[in-house]
Amino acid sequence: SVGLRALKRLARAARRRMAAFNAQDLDSLASAYARLGLPRWGAKLASAIAAAAVALGTKRCTPRHLANVLWGVAKLSSGCRLARGSVATEPSVVSLCGMAGGALASDAAAFNARDLSNAAWSLLTLGLFDRPTMLAIAARAAATLDSFNAQETSKLLYAMRKSGVHCAALEEAASRPREQRLELPLAGPPILLTHMLGGGRAKGGREETGATAATGGALWEGSLLLAKWLPGPPPPA
């Protein structure tokens with residue numbers, strides 16, 4: 001289609017000018033093309049983005065940008081020949097994973113919830129993870145799991161399980177119930193919402209409903225937002 005051809009021309013132009021891209025530019029480019037989900041395409045772009053990020057280094061590539069670029073490269077790679085059920089061998093991608101792994105292992109506290117879950121999933125997808133890095137991610141996540149939403153938690157636990165890395169502190173935190181007490185006008189007694197953030201996935205199974213942790217968490221968080229919205233003041237006449 002015309003749109004697809006335009007996107008590919010834009011990607012070729014970006015590759016020619018990649019040396020002029022800063023960390024934010026690489027973040028935006030990788031994230032945008034990754035979300036397009038173009039099948040069997042993206043190897044050259046993923047390689048170029050990875051090489052440019054490595055050239056910038058961790059001093060010019062913040063943890064947020066690094067995690068987003070890694071995620072974008074992993075998404076692009078999973079749809080083409082770079083990584084499809086195997087270990088990625090493209091030198092620039094290998095170097096990017098090494099840089100990200102080093103940053104995570106040395107200072108995981110610099111990465112927020114989304115960054116940690118995306119990084120764990122990306123390293124797993126590319127097949128370029130190591131135990132110290134995954135344990136550093138798990139330890140930081142265990143200490144801050146209250147800041148993770150359902151999707152982030154589910155993605156993180158999936159990556160840990162598939163990588164064969166077990167962290168008792170993370171599994172305990174994921175199995176801890178999360179509660180929210182709501183006082184709603186005209187709704188009778190207070191409402192207590194309870195959800196086990198890790199759900200059955202934290203223990204290798206499913207919740208009693210048969211839903212995954214992400215499903216249960218998404219419903220829980222959605223119901224909380226709805227509950228907060230319902231008792232609001234009526235709209236002006």
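Among contacts between residues at least 6 apart in sequence, what percentage join residues at least 24 apart? In this protein, 70% do. Contact here means heavy atoms within 4.5 Å.

**Before you click**

This is a predicted model, in which local features need pLDDT of at least 70, side-chain atom pairs count only at pLDDT 80 or more, and totals for chains, interfaces and linings use all residues. Residues are numbered from 1 along each chain as its sequence is written, and side-chain values use heavy atoms, with hydrogens and water left out.

**Stop 1: the whole chain**

Show everything as a cartoon. Helices (H or I, at least four residues) and strands (E, at least two) are DSSP runs, numbered from the N terminus. Follow the sequence and the pattern reads α-α-α-α-α-α-α-α-α-β-β-α.

Now colour by accessibility. Of the 237 residues, 46% are buried. Buried means under 20% relative accessible area, exposed means over 50%, and partly exposed is in between (1.4 Å probe, protein chains only).

**Stop 2: helix H2**

Select residues 23-36, which form helix H2. H2 has 14 residues. From its first C-alpha to its last it reaches 20 Å, close to the 20 Å expected at 1.5 Å a residue. The expected span is 1.5 Å times one less than the number of residues.

Which residues of H2 are buried? They are Ala23, Leu26, Asp27, Leu29, Ala30, Ser31, Tyr33 and Ala34.

**Stop 3: helix H4**

Move to residues 63-78, helix H4. Its 16 residues should span 22 Å at 1.5 Å a residue, and its end C-alpha atoms are 22 Å apart, which agrees. H4 is mostly covered, with 12 of its 16 residues buried. Among them are His65, Asn68, Trp71 and Ser77. What lies over the buried residues of H4 includes H2, H3, helix H5 (91-107), H6 and H8.

**Stop 4: two salt bridges**

Show side chains. How many salt bridges are there? The count comes to two. A salt bridge is a side-chain nitrogen of Lys or Arg within 4 Å of a carboxyl oxygen of Asp or Glu.

Pick Arg64 and Asp115. Their side chains meet in a salt bridge at 2.8 Å, N to O. Arg64 lies in helix H4 and Asp115 in helix H6, so the pair ties together parts that are 51 residues apart in sequence. Arg64 is partly exposed, at 30% relative accessibility. Asp115 is buried, at 2%.

Next pick Arg176 and Glu172. This salt bridge is 2.4 Å, N to O. Arg176 is partly exposed, with a relative accessible area of 41%. Glu172 is partly exposed too, at 44%.

**Stop 5: the largest pocket**

Select Ser31, Arg35, Asn68, Trp71, Arg114, Ser117, Asn118, Asn149, Gln151, Glu152 and Lys155. These residues line the largest pocket. On a 1 Å grid over the protein atoms alone, a pocket is an open set of points where a 1.4 Å probe fits, with protein on both sides within 12 Å along at least five of seven lines; lining residues have an atom within 4 Å of a point.

How much space lies in the largest pocket? About 170 Å³. That volume is the space filled by probe spheres set on the points, with grid points joined across faces, edges and corners.

Helices H2, H4, H6 (113-126) and H8 (150-163) each supply at least two lining residues. By class, the lining has one nonpolar, six polar and four charged residues. Ala, Val, Leu, Ile, Met, Phe, Trp, Tyr, Cys and Pro count as nonpolar, Asp, Glu, Lys and Arg as charged, and the others, Gly among them, as polar.

**Stop 6**

Click Ser163 in helix H8. Is Ser163 buried or exposed? Ser163 is buried, with a relative accessible area of 14%. Leaving aside neighbours within four places in sequence, Ser163 is in contact with Leu124, Phe129 and Met134.

Click Ala48 in helix H3. The C-alpha atoms of Ala48 and Val93 are separated by 9.0 Å, though they are 45 residues apart along the chain.

Finish at Leu135 in helix H7 (residues 131-144). Leu135 is partly exposed, at 29% relative accessibility. Beyond its neighbours within four places in sequence, Leu135 is in contact with Val165 and His166.
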